[in-house]
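User: I would like to work through a model feature by feature. Please give the general idea each time, then the case at hand.

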Amino acid sequence: MLPEDALSLDGLLRFVAQHVARPAEALDVRAALTGLAPGAKAKFDPIVASAISAAAPGVAQDSVLGRHVASLALRGWLTVQKEMTRAENGDLAPIERLLPDVTPPPPPPAPPPPPAVADYLAVGNGTKPFLTWWDDFAASKVAEKAWGTETVADAPSTRRLFEDLIGNPQLSSMTRDLAGTFRSQILSLPPKYAQAKPWHKMMPIDVIALTKDDKNLQRISPKTADKHFNFFEQYWSYLSIFGKVEKSTENPFLGFRGKRKRGRKARSERLIWSEDLTAKLFASPLFTGCLSIHRRSTPGDLIIRDARFWVTIMGLLTGARENELCARSVGDISFVQLPSGNGTLTPILSITGSKTDGSERDIPLPEALLRLGFLEYRVHGRDTDAPLFPELLPDPQTGKRAPTFSGWFTRYRQDVGVYVPRMDFHSMRGNFSTAISNVQGMNLGFADELTGHHSETRKSERDRYTKLIYIENLKAAIESVPIPMDLSSLAYDGPRGGRAPNAAKIIAEAVGLAEREKRKAVNRPPQTRAYRRASTHPVAPGARTGAGND
């Protein structure tokens, strides 16, 4: 067939389709729709059945719904025939074939930049006081057992110090610049700003202003400032985790803590007690005889074996920290039978809830302490739940007993002429550590155990022995430490194994004196720091009043 023949045949078929076949088809569809021609509907049964199967599966063709679908299918078929004729005649524009869109999607919009501090308003917390969630934060740390007893006691002091120096600004105002101001002010304070007589009734900001020109005055160490900042680093992380601030926002308290000094640099920050000052301290009225319980620094004939007497001696003989001794209960003294003890029981002081997990330890009490009657005056005949030193009244804010002793010990050293800056109670720990480390043949693992310093040697020695043999080694170690003063004149000459005849009286009088001094302090409202805070420094909403402690 020639091309021109094919074109002629194509035109003929198109003519027949348009003018003969489709018009006839249209007549048959109309007949089927109107029912005028019997049997016309049967011609279209395959089309109707296919439509019902697709549009209404399960519907019977002779049902009401089936008949409606059949009618709809036939009308659609009629429309298709008409549209095909119009398309072939050029009356309709062709419909483009739909193809999958292969155009790559546009890139996602760039993420917004991290919110600035001021953008906290977007999460609804920017106008709230910064310390709004502090109590919840502290409670979570206690519940998780993430803080030891000492840390729990220190946290309120850190909060109060922040309120005293900065206030309680809006969360949106808590910037690195403000955090830096807080740190610089901490480092401008004297270490005992809350207890020492010249300043204990003043606000910290006023102490800074009063002492700023004193170049010889000792200031709070960076190590102590780091301790305060550690609390706020944790607090900000808590705010971020619990959605109080945006997670992408920088912690304003990070980056201020410096590298911790070690070795000679660390030792130079605090002096140890010299031999002559140690001798002078133990030749003072506290140990040779005072005038009365009210005049401890005035020479007399009275030796009072109260907490002031015992804690000072224990610090030098055991190297324990101030709060480790002051916080103990009677039940922290236990008695064990050592393998070579010949039937005698060895008293052990258990240190718990201390500075770190590694600080927890058992210290065999040295014989020098036992010869003074420590057990007879403080342990025998007393309830195991009772505080070992009840006259050291706990601080109402922190619950610590050490500040009661610390403030007195500073004043006493000044009164008897043994006060030297950077040489305090903690310095005795340095004396003990130096002395035990210099004992010929001393196992340094035992030395670290007695002082509560973490080391691999200490751990390996612990693992090497059973507990009782290990304690026996510690007993031998602590007895080998030379005593820098003569305590023979203080030996207890009463019966052993029971309570000293005047022990209860000494404790009662000491507790009574402490309570009277506390009441006197409470009954001075015009002079207290809380009063000065209210009158000279308006308190921000939610802020607490009271003294801050270093």
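User: Is Arg-422 buried, exposed or partly exposed?

Analyst: First, a caution: this is a predicted model. Arg-422 has a relative accessible area of 34%, so it counts as partly exposed. The cut-offs are under 20% for buried and over 50% for exposed.

User: What is the phi of Arg-422, and where does the residue lie?

Analyst: Start with the general idea. Most residues other than glycine have a negative phi. Arg-422 is not a glycine, yet its phi is positive, about 65 degrees. It lies in the loop between α17 (402–415) and α18 (425–437). Lys-145 also has a positive phi, about 55 degrees, without being a glycine. Lys-145 lies in the loop between α5 (134–143) and α6 (149–165). With a relative accessible area of 73%, Lys-145 is exposed.

User: Now the whole chain. How many helices and strands are there?

Analyst: The chain has 23 helices and 5 strands. Of its 550 residues, 42% are buried. Now take contacts with a separation of 6 or more: 68% of them join residues 24 or more positions apart.

User: How do I read the nonpolar interior? Which residues have the most contacts inside the largest core?

Analyst: In soluble globular proteins, nonpolar side chains tend to be buried together. Here the largest nonpolar core holds 68 residues, and Leu-281, Ile-313, Phe-374 and Phe-389 have the most contacts inside it. Helix α13 (residues 307–318) supplies the largest share of this core, 8 residues. Apart from it lies another core of 35 residues, including Phe-130, Trp-147, Phe-162 and Leu-189.

User: What does Leu-281 touch, beyond residues up to four places away in sequence?

Analyst: Leu-281 touches Trp-273, Phe-287, Thr-312, Phe-409, Tyr-412, Val-418 and Met-428.

User: On to the sheet. What is the strand order in the open sheet of 3 strands?

Analyst: The order is β3-β4-β5, with antiparallel pairing. The edge strands are β3 (333–337) and β5 (361–364), each pairing on one side only. From one strand to the next, the twist averages 40 degrees.

User: How many bridges join β3 to β4, and how many join β4 to β5?

Analyst: β3 pairs with β4 (residues 345–351) over 5 bridges. There, Gln-337 has Leu-345 in β4 as its bridge partner. β4 and β5 are joined by 4 bridges. Ser-350 stands opposite Asp-362 in β5.

User: Which way do the β5 residues point?

Analyst: In a regular strand the side chains alternate between the two faces of the sheet. In β5, Arg-361 and Ile-363 point one way, while Asp-362 and Pro-364 point the other way. All four are buried.

User: How many disulfides are there?

Analyst: A disulfide is a covalent bond between the sulfur atoms of two cysteines. The count here is 0. Check burial separately. Cys-290 has a relative accessible area of 1% and is buried. Cys-326 is buried too, at 0%.

Conventions: Residues are numbered from 1 along each chain as its sequence is written. This is a predicted model: local features need pLDDT of at least 70, side-chain atom pairs count only at pLDDT 80 or more; totals for chains, interfaces and linings use all residues. Side-chain values use heavy atoms; hydrogens and water are left out. A nonpolar core is a set of buried Ala, Val, Leu, Ile, Met, Phe, Trp, Tyr and Cys residues joined through side-chain atoms within 4.5 Å. Buried means under 20% relative accessible area, exposed over 50%, partly exposed in between (1.4 Å probe, protein chains only). Helices (H or I, at least four residues) and strands (E, at least two) are DSSP runs, numbered from the N terminus. Contact means heavy atoms within 4.5 Å. Two strands pair if DSSP finds at least two bridges between them. Axes are lines fitted to C-alpha atoms, for helices over the stretch in contact, and angles run from 0 to 180 degrees between N-to-C directions. A disulfide is a pair of cysteine sulfur atoms within 2.5 Å.
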